[in-house]
Amino acid sequence: MRGMKGEILLNISAEKAWEMYRDNDTISRINPQMLAKAEYIKGKGEPGSLRCFQFGPALSNYVKQSIETIEKVEEGRSVTYQVTDGDLKKMYNPYRVTFSFIPVSNEQCVAQWKAEYELIASTIPTPEKARDAALSFLKLFGKIENHAM
């Protein structure tokens, strides 16, 4: 299994970043150009839940939709999911991602994105675009929170 990761320092608490990531309404308002809509189509975020992400115009040339099965949740800290349908499934199988929010202080955390994947074909690029898009989106958490959504 191949792996890739990235992280970014956020100027908000890990608890707040976690709440923002898990709340469909909040995450859908952060940057609709990147993420137009998030919704749980089965469950409420616990393992076994299905969450659908509809991506916005800024990412539509790469990925339009992703349906993910949540595999593991460490409450307040991390969530691991496997892509079960959508554009990423056509490039990588499996494609498993963990988002983690690691406290640094009461007002800062490290947001970490980690992927495990296999390419469907040797012509498929590794998921740098997915990593970069995820980190760019997470970076907005601190900016949005500091301007109170």
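User: Which residues is N93 in contact with, leaving aside its neighbours within four places in sequence?
Analyst: With those neighbours left aside, N93 is in contact with E118 and I120. Contact here means heavy atoms within 4.5 Å.

User: What kind of model is this, and how are the residues numbered?
Analyst: This is a predicted model, in which local features need pLDDT of at least 70, side-chain atom pairs count only at pLDDT 80 or more, and totals for chains, interfaces and linings use all residues. Residues are numbered from 1 along each chain as its sequence is written, and side-chain values use heavy atoms, with hydrogens and water left out.

User: Back to N93, then. Where is N93 found?
Analyst: N93 is part of strand β6. Helices (H or I, at least four residues) and strands (E, at least two) are DSSP runs, numbered from the N terminus.

User: How accessible is N93?
Analyst: The relative accessibility of N93 is 40%, so N93 counts as partly exposed. The scale calls a residue buried under 20% relative accessible area, exposed over 50%, and partly exposed in between (1.4 Å probe, protein chains only).

User: What sort of peptide bond joins N93 and P94?
Analyst: The bond between N93 and P94 is cis, with omega about 0°. In general, most peptide bonds are trans. P94 belongs to strand β6, which covers residues 92-105.

User: How far apart are N93 and W113?
Analyst: In sequence N93 and W113 are 20 residues apart, and their C-alpha atoms are 18 Å apart in space.

User: Let us turn to the chain. How many helices and strands does it have?
Analyst: The chain has 3 helices and 7 strands. Read from the N terminus, the order is β-α-α-β-β-β-β-β-β-α.

User: How compact is the chain for its length, and why?
Analyst: Its radius of gyration is 15 Å, close to the 15 Å that the globule rule gives for 149 residues, so the chain is as compact as a globular protein of that length. The radius is taken over C-alpha atoms, and the rule is 2.2 Å times the number of residues to the power 0.38. Along the principal axes, the C-alpha trace spans about 45 × 30 × 25 Å.

User: What share of the residues is buried?
Analyst: Of the 149 residues, 47% count as buried. The chain exposes about 7700 Å², with carbon and sulfur atoms supplying 49% of that area. Such areas come from the Shrake-Rupley method with a 1.4 Å probe, and for residues only the protein chains shown count as cover.

User: Which residues does Q82 touch, and is Q82 buried or exposed?
Analyst: Q82 is buried, with a relative accessible area of 16%. Q82 sits in strand β5, residues 78-86. Neighbours within four places aside, Q82 is in contact with I67, E68, T69, E71, P94, Y95 and R96. One of those contacts, P94, is the residue joined to N93 by the cis bond.

User: Where is S60?
Analyst: S60 lies in the loop between β3 (50-55) and β4 (65-74), and at 27% relative accessibility S60 is partly exposed. The C-alpha atoms of S60 and D87 are separated by 10.0 Å, although the two residues are 27 places apart along the chain.

User: Which element holds G142?
Analyst: G142 is in helix α3, residues 128-146, and G142 is buried at 5% relative accessibility. D132 also lies in helix α3, but D132 is partly exposed, with a relative accessible area of 39%.

User: How many disulfides are there?
Analyst: The count is 0 disulfides, where a disulfide is a pair of cysteine sulfur atoms within 2.5 Å. Among the residues of the chain, C52 is buried at 5% relative accessible area, and C109 is buried at 0%.

User: Lastly, how many charged side chains are there?
Analyst: There are 20 positive and 19 negative side chains, and the centres of the two sets lie 4 Å apart. Lys and Arg count as positive and Asp and Glu as negative, while His and the chain ends are not counted. Each charge is placed at NZ of Lys, CZ of Arg, CG of Asp or CD of Glu.
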